[in-house]
Amino acid sequence: MDGKARFILVTTMTSVMVLMVTLVATLLNIGLRHDFLFQWIKAYLIGWPIAAVTGYFFMPAARRVTTRVVSLIDGTA
């Protein structure tokens, strides 16, 4: 996967995942109160860059592990 495609994939995946996780975590932790949207956005803006950088660096390793596990399951290793 070239650099541009990898960047777009990681950016898209982590953005959606962090959006959902911070939504649920914020809702469970503080409930639906007057500053919920502000707290949720704050959590997202802190969490997403961390997830994006982590995803960018660990995606190749995760793909290799996935390929290895699938080949073990299929018996082709």
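Asp 35 and Arg 33 form a salt bridge, with their closest N and O atoms 2.5 Å apart. The term means a side-chain nitrogen of Lys or Arg within 4 Å of a carboxyl oxygen of Asp or Glu. A search of the whole structure finds one salt bridge.

This is a predicted model, in which local features need pLDDT of at least 70, side-chain atom pairs count only at pLDDT 80 or more, and totals for chains, interfaces and linings use all residues. Residues are numbered from 1 along each chain as its sequence is written, and side-chain values use heavy atoms, leaving out hydrogens and water.

How open are the two partners of the bridge? Asp 35 counts as buried, at 17% relative accessibility. Arg 33 is partly exposed, with a relative accessible area of 41%. Buried means under 20% relative accessible area, exposed means over 50%, and partly exposed lies in between (1.4 Å probe, protein chains only).

**Aromatic rings**

The whole structure holds two aromatic pairs, according to a search. One of them joins Tyr 56 and Phe 57: the ring centres are 5.7 Å apart and the planes stand at 85°, so the pair is edge-to-face. Rings of Phe, Tyr and Trp (its six-membered ring) pair if their centres lie within 6.5 Å; planes under 30 degrees apart are stacked, over 60 edge-to-face, and the rest tilted. Tyr 56 is partly exposed, at 29% relative accessibility. Phe 57 is exposed, at 59%.

Tyr 56 has another neighbour. The charged end of Arg 6 sits over the Tyr 56 ring, 3.9 Å from its centre. A charge sits over a ring if NZ of Lys or CZ of Arg is within 6 Å of the ring centre and within 35 degrees of the ring normal.

**Helices and surface**

Helix α1 covers residues 3-30 and includes Met 20. Thr 12 also lies in helix α1. Helix α2 covers residues 36-74 and includes Ser 71. Met 59 is in helix α2 too. Helices (H or I, at least four residues) are DSSP runs, numbered from the N terminus.

Which residues make the nonpolar surface patch of about 250 Å²? Val 16, Leu 19 and Met 20 make it. Patches are made of residues with over 30% relative accessible area and no salt bridge; nonpolar side chains (Val, Leu, Ile, Met, Phe, Trp, Tyr) are joined within 5 Å, like charges within 9 Å. The areas come from the Shrake-Rupley method with a 1.4 Å probe. Met 20 itself is partly exposed, with a relative accessible area of 43%. Thr 12 is partly exposed as well, at 47% relative accessibility.

A polar atom of the Ser 71 side chain lies 2.8 Å from the backbone oxygen of Arg 68. A polar contact is a pair of N or O atoms within 3.5 Å; within protein, one must be able to donate a hydrogen and the other to accept it, and residues adjacent in sequence count only if both atoms are side-chain atoms.

**Distances along the chain and in space**

The table sets sequence separation beside C-alpha distance.

| Pair | Apart along the chain | C-alpha distance |
|---|---|---|
| Met 20 and Tyr 44 | 24 residues | 9.2 Å |
| Thr 12 and Asn 29 | 17 residues | 26 Å |
| Met 59 and Gly 47 | 12 residues | 17 Å |

Note on methods
Helices (H or I, at least four residues) and strands (E, at least two) are DSSP runs, numbered from the N terminus.
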